[in-house]
Structure formats: C-alpha cells, structure tokens
Amino acid sequence: MNKIRIGYGYDVHRLKEGLPMTIGGVHIPHTKGMVAHSDGDVLLHALCDALLGALALGDIGLHFPDTSDEFRGMDSTILLKRTYDIVRSKGYTVGNIDSMLTLERPKIRTYVDAMRTRIAEILEIGIEDVSIKATTKEGLGFVGAEEGVEASATLLLFKE
Ligand code: MG
C-alpha cells in the first residue's frame, strides 16, 4: 500500500422539526434536527467514510450497521474515534481534511471553529489541518427546501 492515500466521504440526513441538530460534534440550536439511527452528524459520517475510503476498507454502514441497536442514538464522535482507531491500526495518520457542509439554515459560521477543534482533538491533528466550509443551495433542491443537510469530506492519510 502507498504511503500517501486520499479518501472521500459524503453523507445526507433528513431534517425534522423538534429534533436536535449536531454537526461536527457540536450542538447547534435550531428548530429542526437530524432524523437518524445515530445522532445524524452528517459531517462526522462523511469523515468516517473518507477515512475508511482512503484505505479501501468499505464504508460506515459496513463497520457500524444502522440495524444494530449498539449504534442507536450514538454520539458520532464515538464512531469517528472508532474509525480513527482502525486507521491507526493500519499504521496511518491523518494529514489534513477539507470538508463542505451544505445547509440552508441556520448560519453555522460561528460554530465552525468549535467543530474544527472537536475533530482535530479526535483525530490528533492541529486545528489548522481541519478545513470546514459551508454553503447554501440557494433555495434549490432538498437542501434548499430545508428538508436535509449534506456534507462531504476529502482527506489525506500518510504512513511515516
Ligand atoms: Mg449518516
């Protein structure tokens, strides 16, 4: 296996009135939240898939099936930690992450540094190695209709 590997992940969760919204391990006060088997943290799920994808180890559904009671309502920071443990067990470390969140509301700019800090802690990297960008869909599609939130992530793994 190469010493440098690239990974990509993508996730979507449906939104519903009255449910909690957690993105990047940070609770975001809002009228709607994620419909999910776990806490529905789209960004962390995209990151898990990017970590697994970099090593061609399948996807989050393979490692943490949503049919399992163990993962019901689970804090996705635990999923990210467990995924990172798999990466470490293969001898790899995270280089840097670039990610994108797509949601209409609320504005999440003020939460981005808290998300970067949380992710950096879990993956044992510096906050400067975690990029989180955010955009709306200009009212288009399911994101524009505030029916869902989308996230994607690209990252680099390396072996010393
Ligand atoms: Mg998910």
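## Surroundings of Leu101

Neighbours within four places in sequence aside, Leu101 is in contact with Ile23, Val42, Leu43, Ile108, Met115, Ile132, Lys133, Ala134, Thr135, Val149, Glu150 and Ala151. The model is a predicted one.

## Nonpolar core

Leu101 is also one of the residues with the most contacts inside the largest nonpolar core, together with Ile23 and Leu123. This core has 44 residues. Two or more residues each come from α1, α3, β5 (93–102), α4, β6 (130–135) and β7 (148–158). Of these elements, α1 gives the most, with nine residues. In soluble globular proteins, nonpolar side chains tend to be buried together.

## Packing of α3 and α4

Helix α3 (residues 76–89) and helix α4 (residues 112–123) have axes that come within 9 Å and cross at roughly 35°. The crossing is right-handed. On the α3 side, Thr77, Leu80, Lys81 and Tyr84 make the contact, and on the α4 side Arg118, Ile122 and Leu123 do. By class, four of the contact residues are nonpolar, one is polar and two are charged.

## Magnesium site

The magnesium ion has three protein donors, Asp11 (OD), His13 (NE2) and His45 (ND1), which lie 2.2 Å from it. Along the chain, the donors follow the spacing D-x1-H-x31-H. Asp11 is in strand β1 (residues 4–17) and His45 in helix α1 (residues 42–54), so this pair ties together parts that are 34 residues apart in sequence.

Asp11 is buried, at a relative accessible area of 16%. His45 is buried as well, with 7% relative accessibility.

Note on methods. Residues are numbered from 1 along each chain as its sequence is written. This is a predicted model: local features need pLDDT of at least 70, side-chain atom pairs count only at pLDDT 80 or more; totals for chains, interfaces and linings use all residues. Side-chain values use heavy atoms; hydrogens and water are left out. Donors are N, O and S atoms within 2.8 Å of the metal (3.2 Å for Na, K and Ca); water is not among the atoms, so sites may look incomplete. Helices (H or I, at least four residues) and strands (E, at least two) are DSSP runs, numbered from the N terminus. Buried means under 20% relative accessible area, exposed over 50%, partly exposed in between (1.4 Å probe, protein chains only). Axes are lines fitted to C-alpha atoms, for helices over the stretch in contact, and angles run from 0 to 180 degrees between N-to-C directions. A crossing is left-handed if the near helix is turned anticlockwise from the far one by less than a right angle, and right-handed if clockwise. Contact means heavy atoms within 4.5 Å. Ala, Val, Leu, Ile, Met, Phe, Trp, Tyr, Cys and Pro count as nonpolar, Asp, Glu, Lys and Arg as charged, and the others, Gly among them, as polar. A nonpolar core is a set of buried Ala, Val, Leu, Ile, Met, Phe, Trp, Tyr and Cys residues joined through side-chain atoms within 4.5 Å.
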